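Please look over the sequence and the model shown here before reading on. The report is meant for someone meeting this structure for the first time.

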Amino acid sequence: MRLKPILTALFASALLALPATAQDCVGQNLFDTMAPERLAELRAATDAIPYHDGLFWQADKGDMRITLIGTYHFADPRHDITMAHFGALIDQAGLLMVEAGPDEEARLADAMKTDPTLIVNPTGPTLPERLTDQEWQALSAALEQRNLPAVVASRLRPWYVAVMLGISPCMMRMVEKRGDAGGLDHLLVERAEAANVPIRALEPWDTLFTLFDGMSAREEEDMIRAAMPAAEHADDYTVTLTDAYFDGESWMIWEFGRFDAYDSSGLSRAEVDRQMQLAQEKLMDQRNAGWIAPLDGAAAEAAGQGKGVVAGFGALHLPGENGVLRLLERDGWTIRPIRVEGIGNGG
């Protein structure tokens, strides 16, 4: 059993704007119908972010080399283009690094089977008690569409609820049909396994359960409120965000979530910005900082064999002042984009 749909949904999408496969989802790209002034505002916010455009990058330092692949965690036929471009490179790599490898996924699955309190709060107030009646009715209806009955959902931990709201019902059906998410991360792992290339995780298997330690009750509740807009038009979100990924505009996904929450969450702009900052710190910035030493060490290890490292992780970890690319740059790495015909790239 693989729990990657849950794990990587949380890690990659920061609760507000989860990309899922457009393959089985019927909706419209919301950028196409967005008011021009709002789209310009969104693009301006995105353009201010370092390394905001592009999915594939090469980092070099001395004789060390890392090929960085920004991944999309759910199935899409366009992943074949990526694998055709990078497959041979993976075959010759000294190491593949991913957010969670097969061993970590197995340990996570075992833990969630044996300890339901990881995602269920058996004591304390329920979600209906913590939210308004109107909020709970909307939330329970959205979770019912994701095969989570209200009686079960009422005791779920808020971070898990926010994760589930980010997964569209059509994507849930696709995962149930396939048995796993079928995303690019898994394709990278499968290729490495076939070539007997070692696979190493960037972080411990239980990172998922420590990300939200220390949050106040209000911050937890606002996390759900900020996630609700995506849940209310999930298929449109799915198409929009999938298209943005394959256009190489990963940070547009993040800013789209912000602006939609401004319009639809019921929170003030200041409250939305606080939620976005909190999510960015916990889901991306803190984790990104923890990945640099493992990446550097793996690259040095591989260079000793005359090889490079391939690292695949959620595309939203690449951009930003605290993104992996900028952190590597500060650590003395030279960064350049890799262009793949058929998939958007920037740099």
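## The model and its confidence

This is a predicted model, in which local features need pLDDT of at least 70 and side-chain atom pairs count only at pLDDT 80 or more, while totals for chains, interfaces and linings use all residues. Residues are numbered from 1 along each chain as its sequence is written, and side-chain values use heavy atoms, with hydrogens and water left out.

The chain has an average pLDDT (the predictor's confidence in each residue, from 0 to 100) of 86, and 89% of the residues score at least 70. Over residues 1-23, however, the pLDDT is below 50, although this stretch has 101 contacts in the model beyond near neighbours in sequence; a contact here means heavy atoms within 4.5 Å.

## The sheet

Helices (H or I, at least four residues) and strands (E, at least two) are DSSP runs, numbered from the N terminus, and two strands pair if DSSP finds at least two bridges between them.

Strands β1 and β2 run antiparallel and are joined by 6 bridges, with phenylalanine 56 opposite isoleucine 69 in β2. The hairpin of these two strands has 2 residues between them, and glycine 62 takes a positive phi near 60 degrees there. β1 also pairs with β6 in the antiparallel sense, over 4 bridges, and alanine 59 has isoleucine 335 in β6 as its bridge partner. By contrast, β3 (residues 95-98) and β4 run parallel and are joined by 3 bridges, with leucine 96 opposite isoleucine 199 in β4.

## Two packed helices

Helix α12 (residues 217-232) and helix α15 (residues 269-303) pack with their axes 10 Å apart, at an angle of about 100 degrees. That makes α12 roughly perpendicular to α15, a term for angles of 65 to 115 degrees. On the α12 side, Arg218, Glu219, Asp222, Met223 and Ala226 meet Glu271, Arg274, Gln275 and Leu278 in α15. The residues of this contact divide into 3 nonpolar, 1 polar and 5 charged; Ala, Val, Leu, Ile, Met, Phe, Trp, Tyr, Cys and Pro count as nonpolar, Asp, Glu, Lys and Arg as charged, and the others, Gly among them, as polar.

## Two residues

Leucine 267 lies in the loop between α14 (250-264) and α15, and at 8% relative accessibility it counts as buried (under 20% relative accessible area, with exposed over 50% and partly exposed in between, for a 1.4 Å probe and protein chains only). Not counting residues up to four places away in sequence, leucine 267 touches Asp222, Arg225, Ala226, Tyr262, Val272 and Gln275.

Glutamate 41, placed in helix α3 (residues 36-47), counts as partly exposed at 34% relative accessibility. Leaving aside its neighbours within four places in sequence, glutamate 41 is in contact with Phe259 and Arg269.

Definitions and conventions
Axes fitted to C-alpha atoms, helices over the stretch in contact; angles between N-to-C directions. Parallel < 35°, antiparallel > 145°, perpendicular 65-115°, else oblique.
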